[in-house]
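Please open the model in your viewer and keep the sequence panel beside it, so that each selection on this tour can be followed in both places. We will go from one selection to the next.

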Amino acid sequence: MKNTIRIASKLTLIAAAVGTLASCGDNSNTPEELNVLPSYLSAVSSISYDGSSDDLLTAGLGRTGLAAAAAPAYADPLKPTPAELRRNAIYANYRAVLDISANSGWGTMYGPNVSAAGVAGTGEGKVAGTEYIAYADDGTGKQNVTLLVQVPATFDPINPCIVTGTSSGSRGIYGAIGSAGEWGLKNNCAVAYADKGSGTGLYTFEDDSVNLQNGQRATRAAAGKSANFSPAYTEAERAAFAASNPGRVAFKHAHSQQNPEKDWGKITLQAVEFAYYVLNERYGQVASDGKSHLVRLTPKNSVAIASSISNGAGSALLAAEQDTKGLISAVAATEPQIQPKVATGYVVRLGGAAVPSQGKALFDYSTFAALYQPCLAEVASGGRCSALAAKGLLTGASLLDQQNDAKARLKAYGWNADAEVLQASHAGTNILVAVTYAYAYGKFSALDKVCGFTFAGVDATGAPAALTAAVKASSFATQNGIIGSVIYENSVGGAKAYNLGVSPSTNAADQSLDGFLCLRSLATGTNPVTGAALSGTLADQSARVKAGVAEVLASGNLKGKPAIIVAGRSDALIPVNHASRAYLGLNATAEGSASKLRYIEVTNANHFDSFANALPANVVPLHVYLFRALDAVYANLRNPTGAPLPPSQVVRTTTRASNAVPITVANLPPIAASAGNNAITVGNSTVDVPN
């Protein structure tokens, strides 16, 4: 049943907090500490779920419904209800993060029916409780970061715990439902979600429409400050762009012009503050004014674990670094997209030898990957590989020779040899990353067409086409935050999807190489073919991008908080040499012997668990180790002396011959209490990882 938390005006509450000295129930002279809504939050709404017809974790679908091949249908696909959009968003986000395959561990090693103790049950895993949602904003409506808190009916205010679930990738508010969200709810914790200000926010030029907080759509004028993302185009700009560029779209992560990543740590901390507010409204004693509630739960008597995966994991680490109020008790994060502020002052070694490259920024290595990974995906010559070779950026007379050179260049730039089998399959992802983050870091508008790239739906020929009404209506549920296809506007013959683009400099179908060389130049400040320094517009754009990158870099100082980072050695999207391993080295320089950071590197694990089903002979699910890391951190918080953190180590997994073979605990050994020869050591700012 939906209701709205009725909150007195902030001025009234502040006056009460300052002026009320009424005694507590024990008649002491201790002033009441009123529970006050943080000033950056909008009005809060809530919905309670019975755990049967609908629930917090599975939106009423249960583990069976989540595993169903077909998404639940809408009664009216052109006008889905908020409840339907929420249901389908949870369905889509669960499946995007986990491998929903029984032989990969779904329903036996992970999933809603697997208990907090890791025991598989026969039930559906539904969780009763209440969900609270609000925007965090500065009052302008331009930020409108979605925050959401789930409080299970089993929450214990005597042993209170909070887990953060900041979304991975560019996903919407339910992006971490299947990762940190599931663990938190199973362990009776409140879960504090955030979409990072980069969650699903689709703007379509032709009808001037936006997403609302509940996922439904409205015109920009009707939505006003309630829009998830509303670009600041004038009506004349909108109409002109729509007329000359049909089908193009803008979305929040790329086009908000706010570089949301610079606030990911702050936003995660705000989600924790929101959780404390909600919990004190629920469990705090009514104040003497008969309206407000007293603060009962605080960081001093509760635990809060910052967690999630990928971008959400990076957000967790940044939150711990930026925590000045003691809101975060510990961190447990997997495959973090984290960018060290420096790549020097520490050394990463593998098998005793320094890795070839370490600590590079995301935009640097993603634009490098966007050049070479598409070459590895080719099955015939004459495309990206040959075009790179013609420009002197690859060597080799044959396609195989050129692909071998591309593999060597990627390894020299910091990718592990273990990731080689996955390089080709990540080409499309790094294309999206490179284009999206060019816009985000440079704070560019969709009108800027940076390096000739835009986003749009496409028709059968790859030409830009408007999204259908049904796609727009369901965008909150089905899109991952990066919406539409990458369009290369400068393609010979007219705008095309990037993979069909023909570069003007080559007049060949080279997957829009000219555009990606341009993106690479923004990362380096030089022409990637000639090495000459940029000038004019490109130099200005490169400076803007570099300024944006500088805003997001990590200090490595976790302030002595217990922390476990888990990463897959085979990660081809966020290479461990540039992220997890490098962050461990940076942390050593920042905290030294005071550090409580542990690093768990899992062999045969990569960034996308779905590959465990597609490539079972090469990949195991990393998700299991997120839960094991959360278990270890939680046990340490509750009993630091009796449950010490495990040592940093390599966990050596065993893959399967095929996806017809069920995965078992034998494939996924536990994180060891004693690492032995698998120990990862950190000394004198040198990270040593065994082969």
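Begin by selecting strand β5, residues 161–166, where strands (DSSP E runs of at least two residues) and helices (DSSP H or I runs of at least four residues) are numbered from the N terminus. This strand is mostly covered, with 6 of its 6 residues buried; buried means under 20% relative accessible area, exposed means over 50%, and partly exposed lies in between, using a 1.4 Å probe and protein chains only. The model you are looking at is predicted, and local features need a pLDDT of at least 70, while side-chain atom pairs count only at pLDDT 80 or more, and totals for chains, interfaces and linings use all residues. Residues are numbered from 1 along each chain as its sequence is written, and side-chain values use heavy atoms, with hydrogens and water left out.

Now show the side chains of β5. In a regular strand the side chains alternate between the two faces of the sheet. Here C161, V163 and G165 point one way, whereas I162, T164 and T166 point the other way, and all are buried.

Which cysteine is joined to C161? Select C189, since a disulfide joins C161 to C189 with an S to S distance of 2.0 Å; a disulfide is counted here as a pair of cysteine sulfur atoms within 2.5 Å. C161 lies in β5 and C189 in the loop between α4 (177–186) and β6 (190–194), 28 residues apart, so that the pair links distant parts of the chain. With -100° about the S-S bond, this link is left-handed. C161 counts as buried because its relative accessibility is 2%, and C189 counts as buried because its value is 1%.

C375 and C385 form a disulfide with their sulfur atoms 1.9 Å apart, and with 100° about the S-S bond the link is right-handed. C375 belongs to helix α10 (residues 362–376) and C385 to helix α11 (residues 384–390), 10 residues apart, and both cysteines are buried. Then select C451 and C518, which a disulfide joins at 2.0 Å from S to S. The torsion about their S-S bond is about -70°, so this disulfide is left-handed. C451 sits in the loop between α13 (427–442) and β15 (453–458), while C518 is in helix α16 (residues 513–524), 67 residues apart, and both are buried. With bonded cysteines counted along the chain, the disulfides follow the pattern 1-2, 3-4, 5-6.

Move on to an open sheet of 4 strands, in the order β14-β13-β25-β24 and with mixed pairing. β14 (353–354) and β24 (681–683) stand at the edges, each with a single partner strand, so one side of each is left without a neighbour in the sheet. β24 and β25 (residues 686–689) pair in the antiparallel sense over 3 bridges, and the bridge partner of T681 in β25 is D688.

With the sheet still shown, select E601 in strand β22, residues 597–602. Is E601 buried or exposed? At 0% relative accessibility, E601 counts as buried. Leaving out residues up to four places away in sequence, E601 touches A567, R569, V576, R581, Q649, V650, V651, I680 and V689, where contact means heavy atoms within 4.5 Å.

Finish with helix α8 (residues 264–283) and helix α9 (residues 311–322), whose axes come within 7 Å and cross at roughly 80°; the axes are lines fitted to C-alpha atoms over the stretch in contact, with angles from 0 to 180 degrees between N-to-C directions. The contact is made by W264, G265, K266, T268 and L269 of α8 and by N311, S315, L318, A319 and Q322 of α9.

Note on methods:
Two strands pair if DSSP finds at least two bridges between them.
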